[in-house]
Amino acid sequence: MSKLAEIRKSKYLSQNELVRVSGVSRSVITKYESGERNINKASGEILLKLATALDCKIEDLLERKEEIK
């Protein structure tokens, strides 16, 4: 499970709720959570929106190299 998904679930948010509070599209969130897209290559703007919505640091969302598919 991606760090994004772990943090989102720990805050008891659905993907739709995260879309609403972050302004990031559901398709983008789904791709980062599934590993289809590498969150480490996300724009600063998207990372900031997600971190703000989840009340965490940007670094908390990033995957370590050995965890990337």
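1. Basis of the note. This is a predicted model, in which local features need pLDDT of at least 70 and side-chain atom pairs count only at pLDDT 80 or more, while totals for chains, interfaces and linings use all residues. Residues are numbered from 1 along each chain as its sequence is written, and side-chain values use heavy atoms, with hydrogens and water left out.

2. Helix 1. Helices are DSSP runs (H or I, at least four residues), numbered from the N terminus. In helix 1, the residues L4, A5, I7 and R8 are buried, where buried means under 20% relative accessible area, exposed over 50%, and partly exposed in between (1.4 Å probe, protein chains only). These residues cover an arc of only 165° around the axis, which puts them on the same side of helix 1; the arc is that of the directions from the helix axis to the C-beta atoms. The buried residues of helix 1 pack against helix 2, helix 3, helix 4 and helix 5, contact being defined as heavy atoms within 4.5 Å.

3. Helix 1 against helix 3. Two packed helices are described by the angle between their axes and the distance between the axes. For helix 1 and helix 3, the angle is about 115° and the axes are 7 Å apart. Axes are lines fitted to C-alpha atoms, for helices over the stretch in contact, and angles run from 0 to 180 degrees between N-to-C directions. Helix 1 is therefore roughly perpendicular to helix 3, a description that covers angles of 65 to 115 degrees (under 35 is roughly parallel, over 145 roughly antiparallel, and the rest oblique). At this contact, L4, A5 and R8 of helix 1 meet I29, Y32 and E33 of helix 3. By class, the contact has 4 nonpolar, no polar and 2 charged residues. Here Ala, Val, Leu, Ile, Met, Phe, Trp, Tyr, Cys and Pro count as nonpolar, Asp, Glu, Lys and Arg as charged, and the others, Gly among them, as polar.

4. Helix 2. The residues Q15, L18 and S22 are buried in helix 2. Seen down the axis, the buried residues of helix 2 fall within an arc of 60°, so they line one face of the helix. They pack against helix 1, helix 3 and helix 4. Leaving aside neighbours within four places in sequence, Q15 is in contact with R8, R26, I29, T30 and E33.

5. Helix 4. In this helix (residues 44-54), L47, L50, A51 and L54 are buried. They cover an arc of only 95° around the axis, which puts them on the same side of helix 4. Their packing partners are helix 1 (3-10), helix 2 (15-22), helix 3 (26-34) and helix 5 (58-61). The face turned away from the buried side carries the exposed residues E45 and T52.

6. K49. This residue also has its place in helix 4, but K49 counts as partly exposed, at 33% relative accessibility. K49 and L18 are 31 residues apart in sequence and 9.9 Å apart in space, C-alpha to C-alpha. Apart from neighbours within four places in sequence, K49 is in contact with S22, G23 and V24.

7. The nonpolar core. In soluble globular proteins, nonpolar side chains tend to be buried together. A nonpolar core is a set of buried Ala, Val, Leu, Ile, Met, Phe, Trp, Tyr and Cys residues joined through side-chain atoms within 4.5 Å. The largest such core here has 15 residues, and those with the most contacts inside it are L4, I39, L50, L54 and L61. Helix 1, helix 3 and helix 4 are the elements that give two or more residues to this core, with the largest share, 4 residues, coming from helix 4. Beyond its neighbours within four places in sequence, L50 is in contact with L4, L18, S22, V24, I29, I39 and L61.

8. Positive phi values. Most residues other than glycine have a negative phi. Y12 is not a glycine, yet it has a positive phi of about 60°; Y12 follows helix 1 and is exposed at 73% relative accessibility. D55 likewise has a positive phi, near 55°. D55 is found in the loop between helix 4 and helix 5 and is exposed, with a relative accessible area of 66%. Just after helix 2, G23 takes a positive phi of about 80°.
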